[in-house]
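Student: Hi! Could we go through this one together?
Tutor: Happy to, ask away.

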Amino acid sequence: DANAAMLADADRSHWWFRSKAALVATALHRTVPPRDERGWLVDIGGGAGGVTALLGWPPGRIAVLEGNQALAVRAQRSHGLAAVQSLVDRVPLADGAAEVVCLLDVIEHLHDPAAALREAGRVLAPDGRLVVTVPAHQRLWSVADVQLGHVRRYKRQALRAELAVAGFEPLLLT
């Protein structure tokens with residue numbers, strides 16, 4: 001909870017979170033047709049919602065699903081986003097409910113990322129978009145990865161393979 005609070009305090013001001021939001025917003029702009037912005041964006045593992053709030057998606061069409069109750073409450077109170085406590089592999093949404101699902105710096109924490117990716121696929125609408133960000137290059141593994149609870153870092157081909165196992169075909173992989 002202390003780590004979560006520290007991250008929540010910085011999630012809109014720290015350069016890392018602002019940069020991540022800009023990267024994701026650009027990916028959305030490049031891959032989601034404008035008509036689809038009326039649909040829901042669901043951020044699974046969205047923390048306190050700071051990055052999610054910066055994506056340029058209509059706030060009334062965003063849902064943050066977060067495992068930490070305090071962070072889910074913070075997403076609601078600080079950013080006005082719909083938020084609920086949820087596990088990444090058991091999302092309380094109907095099949096096809098989301099136009100966009102984000103897993104931003106989430107799957108590197110999971111021993112079984114395929115389960116979370118399959119669940120993201122389940123809640124995506126037909127032709128919906130999945131946005132995944134992960135730390136790159138195992139050679140950059142450090143004590144920071146251990147402190148953050150990472151299980152792995154990714155090379156492009158490893159991420160592509162994990163996505164394929166869950167039934168996804170990347171439109172943009174960078």
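Student: Is Val143 buried or exposed?
Tutor: Val143 is exposed, at a relative accessible area of 58%. Buried means under 20%, exposed over 50%, and partly exposed in between, with a 1.4 Å probe and protein chains only. Keep in mind that this is a predicted model, where local features need pLDDT of at least 70, side-chain atom pairs count only at pLDDT 80 or more, and totals for chains, interfaces and linings use all residues. Residues are numbered from 1 along each chain as its sequence is written, and side-chain values use heavy atoms, leaving out hydrogens and water.

Student: Where does Val143 lie?
Tutor: In helix α6, which covers residues 143-148 and also holds Gln147. Helices here are DSSP runs of H or I with at least four residues, numbered from the N terminus.

Student: And Gln147, buried or exposed?
Tutor: Exposed, with a relative accessible area of 62%. The C-alpha atoms of Gln147 and Asn3 are 10.0 Å apart, although 144 residues separate the two along the chain.

Student: New topic: how many aromatic pairs are there?
Tutor: The count is 1 aromatic pair. Trp15 and Trp16 have ring centres 5.9 Å apart and planes at 90 degrees, so they are edge-to-face. The rule takes rings of Phe, Tyr and Trp (its six-membered ring) with centres within 6.5 Å; planes under 30 degrees apart are stacked, over 60 edge-to-face, and the rest tilted.

Student: What are the relative accessible areas of Trp15 and Trp16?
Tutor: Trp15 is exposed at 53%, while Trp16 is partly exposed at 43%.

Methods. Helices (H or I, at least four residues) and strands (E, at least two) are DSSP runs, numbered from the N terminus.
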